[in-house]
Amino acid sequence: MSESRAYRARGIVLRARALGEADRIVTFFTLESGKMSAVAKGIRRQKNRLAGKLEFGDEVQMELHRGRNLDVITDAQTTTSRWTALVAPERFEHAALILELLDSLCEEDLALPDVFDLANGALNAIAHSDNAERLLPRFRLRLLDALGVAPPYTECIECTTILGETMWIDAQRGGLICDGCHRHAVALPAITEDDRANLVALSTPRGAGARVAATPAAARASELLIAFHLGRRPRSGGQL
């Protein structure tokens, strides 16, 4: 018996691009298989059944059919609608940054359920926030942790010496450096012990010791660490 070519997936809509006169290729971050793209046939026609169901930042439940090159979306239902809230001017660039980081830092066909839950929670929080920007430092640092690329916050990224009361964020190495390594590197102004403790609290999973509010220096550090792993400045919501 041949394997069924029909399957279901739960995903967050990351982006879409036109294909031909009526179709779109939509990229999702799914619970089951991480980042993936599929074709929404005829979605650009006004009366197509998929129209309005694959909006930026929404969570959708899809039915798909495996294709030769790209799979085809045969049906979709919106399970969490955030589009109207996320496209508000005060929220759009911050939501777009989250989706850009998922798209850029996550591999295709690699399930990352912790990252899926993290992104869903962050997008829901932004959709209901009057100060969405303050939520980004924690998301950046939690994302790096979930991907397994977060730097140590207690030792120098270069020489592994335990950090003292004063340290620096090194944008070229992607971590904190000690006083000795700072003399031979291009780095930002000093990070205090309070800032380092804030970085740890921002990176902590929900529960005891976790924090949402970032100090200015910790927020800046989160931006530089993301830029290090991207290899560039983010196109959306970046403050560099």
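Where is the place of Asp109? In this predicted model, in which local features need pLDDT of at least 70, side-chain atom pairs count only at pLDDT 80 or more, and totals for chains, interfaces and linings use all residues, the place of Asp109 is in the loop between H2 and H3. Residues are numbered from 1 along each chain as its sequence is written, and side-chain values use heavy atoms, with hydrogens and water left out. Helices (H or I, at least four residues) and strands (E, at least two) are DSSP runs numbered from the N terminus. The phi angle of Asp109 is near 60°, a positive value in a residue other than glycine, and Asp109 counts as exposed at 62% relative accessibility; here buried means under 20% relative accessible area, exposed over 50%, and partly exposed in between (1.4 Å probe, protein chains only). A positive phi, of about 65°, is also found at Thr160, although Thr160 is not a glycine, and the place of Thr160 is in the loop between H4 and S6.

The sheet is a closed barrel of 5 strands that runs S1-S2-S3-S5-S4 with mixed pairing, where two strands pair if DSSP finds at least two bridges between them. Neighbouring strands of this sheet are turned by 50° against each other on average, direction ignored; axes are lines fitted to C-alpha atoms, for helices over the stretch in contact, and angles run from 0 to 180 degrees between N-to-C directions. Helix H2 (residues 89-105) packs on the sheet and touches strand S1 (6-19), strand S2 (23-30) and S3, its direction making about 105° with that of S1. Helix H3 (residues 113-127) likewise packs on the sheet, where H3 touches S1, S2, S4 and S5, and the direction of H3 makes about 60° with that of S1. Contact, in these descriptions, means heavy atoms within 4.5 Å.

Strand S4 (residues 59-65), by contrast, pairs with S5 in the antiparallel sense over 7 bridges, and Leu64 stands opposite Ile73 in S5. A hairpin of 5 residues leads from S4 to S5, and Arg68 is found in the loop between these two strands.

Two packed helices are described by the angle between their axes and the distance between the axes. For H3 and H4 the angle is about 175° and the axes are 10 Å apart, so that H3 and H4 are roughly antiparallel to each other; angles under 35 degrees count as roughly parallel, over 145 as roughly antiparallel, 65 to 115 as roughly perpendicular and the rest as oblique. In this contact, Val115, Leu118, Ala119, Ala122 and Ile126 of H3 meet Leu136, Phe139, Arg142, Leu143 and Ala146 of H4. The residues of the contact of H3 with H4 divide into 9 nonpolar, no polar and 1 charged, where Ala, Val, Leu, Ile, Met, Phe, Trp, Tyr, Cys and Pro count as nonpolar, Asp, Glu, Lys and Arg as charged, and the others, Gly among them, as polar.

Helix H4 (residues 136-146) also packs with H6, at an angle of about 70° and with the axes 8 Å apart, and H4 and H6 are therefore roughly perpendicular to each other. Here Pro137, Arg138, Leu141, Arg142 and Asp145 in H4 meet Leu199, Ala201, Leu202 and Ser203 in H6, and the residues of this contact divide into 5 nonpolar, 1 polar and 3 charged. Buried residues of H6 include Asp195, Arg196, Asn198, Leu199, Ala201, Leu202 and Ser203, and what covers the buried residues of H6 includes H4, strand S6 (166-170), strand S7 (175-177), strand S8 (190-192) and H7.

Thr204 is found in the loop between helix H6 (193-203) and helix H7 (216-230). A polar atom of the Thr204 side chain lies 2.7 Å from the backbone oxygen of Val200. Not counting residues up to four places away in sequence, Thr204 touches Arg138, Arg142, Gly209 and Ala210.

How values were computed
A polar contact is a pair of N or O atoms within 3.5 Å; within protein, one must be able to donate a hydrogen and the other to accept it, and residues adjacent in sequence count only if both atoms are side-chain atoms.
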